[in-house]
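Hi there,

Here is the structure I promised to pass on to you. Have a look at it first, and then read on for what I found in it.

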Amino acid sequence: MGTLPNVVDAIVGQTYTDATLKLIDNASTDGVISYIRDRAPRATVIKNARDIGTAQAQNQAIRLALQGWGGSELDQKFVLFLENDITMEPNTLRELVRALEHDRELGAVGGKILRMFDENIQDEALHERVQSDHIDSVGLKLTSALKLVPRGAGEVDQEQYDFSRVVFAVPGAMMLVRASALQDVRHSDEEYLDKDFVTGREHEDLSWRLQNMGWRIEFVPTAIAYKYRGIYQGGDIVRDRYDSRMDRNELMMLAKNAPMAYLAFRAPSIALSRFASFPSALVQSLRHVGKMAKKRKDIFANRRIGNGAIREMIS
């Protein structure tokens with residue numbers, strides 16, 4: 001189960017209690033369902049017969065939530081995406097909800113994610129998981145090469161980011177989204193996160209779609225959580241390992257969401273910034289070109305912002 005017991009315990013221990021836990025199990029074999037039912041007996045747990053990917057599994061959870069709310073006003077209902085290596089502080093969910101309740105133009109919010117490491121793993125008696133002051137992410141920024149990269153990654157937290165601000169995206173590791181915004185940007189009644197992504201980048205793609213439909217996304221510094229990053233080795237030791245699917249999904253995301261003028265003008269920097277993986281990722285993404293073209297057409301037919309709004313977010 002890895003870090004899941006800590007994650008679940010943190011969810012159960014939230015000071016914001018007007019929430020329900022829905023877990024979609026992608027054919028696990030490690031006893032996670034028994035643990036969830038014991039620790040959070042009111043949680044809704046669905047076990048899939050096979051691993052259908054994180055995007056489809058989360059779509060299942062979203063549909064369950066919407067069905068449970070029935071005819072409720074979705075503007076004041078929220079969906080929290082939380083990865084299974086994220087441990088929230090007790091007030092984190094309350095702070096995220098408060099931000100969305102305060103500003104109805106916000107489509108999504110995320111918090112300050114710090115890193116958590118293992119120490120003394122060779123000694124069972126001394127082994128412990130340590131919450132550090134190293135920043136993992138304080139939101140995501142859009143670069144000139146149209147890459148979404150973590151703000152503040154690797155820096156020591158000295159309160160230099162302790163102010164709320166609009167960002168281009170927040171990590172799917174911990175992302176609270178307004179239900180009405182999810183409805184607004186969905187591809188269909190079955191597809192809120194892009195199922196063609198299977199696993200990886202689906203939340204970044206969601207952030208792009210929120211931006212294109214005029215929803216703002218905000219970083220909330222008082223919503224603090226910790227992401228497990230293995231053994232601490234000193235320095236900025238954590239860098240995501242992008243496999244071919246992640247690189248493919250990044251290109252698919254841009255093909256769907258980025259203005260054509262930007263894609264054409266920034267094509268060299270897009271390719272160079274992904275030099276090692278670009279040829280393979282491009283070939284793989286071309287297999288989905290028809291689906292991405294259709295989704296792009298739908299996105300830009302309903303888009304509520306101009307290219308200038310995206311340009312202003314590039315840093």
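One term before we start: a residue is called buried when its relative accessible area is under 20%, exposed when that value is over 50%, and partly exposed in between. Please also keep in mind that this is a predicted model.

With that cut-off we can look at two residues in the loop between α5 and α6. Arginine 201 sits in that loop, and its relative accessible area is 8%, so it counts as buried. Valine 198 belongs to the loop between α5 and α6 as well, but at 28% relative accessibility it is partly exposed.

Now for the whole chain. Its secondary structure comes to 12 helices and 11 strands, and 50% of its 315 residues count as buried. The C-alpha atoms fill a box of roughly 55 × 50 × 40 Å along the principal axes. A compact globule of 315 residues would have a radius of gyration near 20 Å, and the 19 Å of this chain agrees with that. Among contacts with a separation of 6 or more, 75% join residues 24 or more positions apart. The accessible surface is about 15,300 Å², and carbon and sulfur atoms account for 50% of it.

Next, the inside. In soluble globular proteins, nonpolar side chains tend to be buried together. The largest nonpolar core here has 30 residues, and those with the most contacts inside it include Ile62, Phe81 and Leu182. Elements that each supply at least two residues of this core include α3 (54–69), β3 (78–82) and α5 (179–185). Apart from this core lies another, of 21 residues, among them Leu140, Phe168, Ala169 and Tyr262. Going back to isoleucine 62, which residues does it touch, leaving aside neighbours within four places in sequence? They are Val79, Phe81, Leu182 and Tyr192.

Enjoy exploring!

Conventions:
Residues are numbered from 1 along each chain as its sequence is written. This is a predicted model: local features need pLDDT of at least 70, side-chain atom pairs count only at pLDDT 80 or more; totals for chains, interfaces and linings use all residues. Side-chain values use heavy atoms; hydrogens and water are left out. A nonpolar core is a set of buried Ala, Val, Leu, Ile, Met, Phe, Trp, Tyr and Cys residues joined through side-chain atoms within 4.5 Å. Buried means under 20% relative accessible area, exposed over 50%, partly exposed in between (1.4 Å probe, protein chains only). Helices (H or I, at least four residues) and strands (E, at least two) are DSSP runs, numbered from the N terminus. Contact means heavy atoms within 4.5 Å. The radius of gyration is taken over C-alpha atoms; the globule rule is 2.2 Å times the number of residues to the power 0.38. Accessible areas come from the Shrake-Rupley method with a 1.4 Å probe; for residues, only the protein chains shown count as cover.
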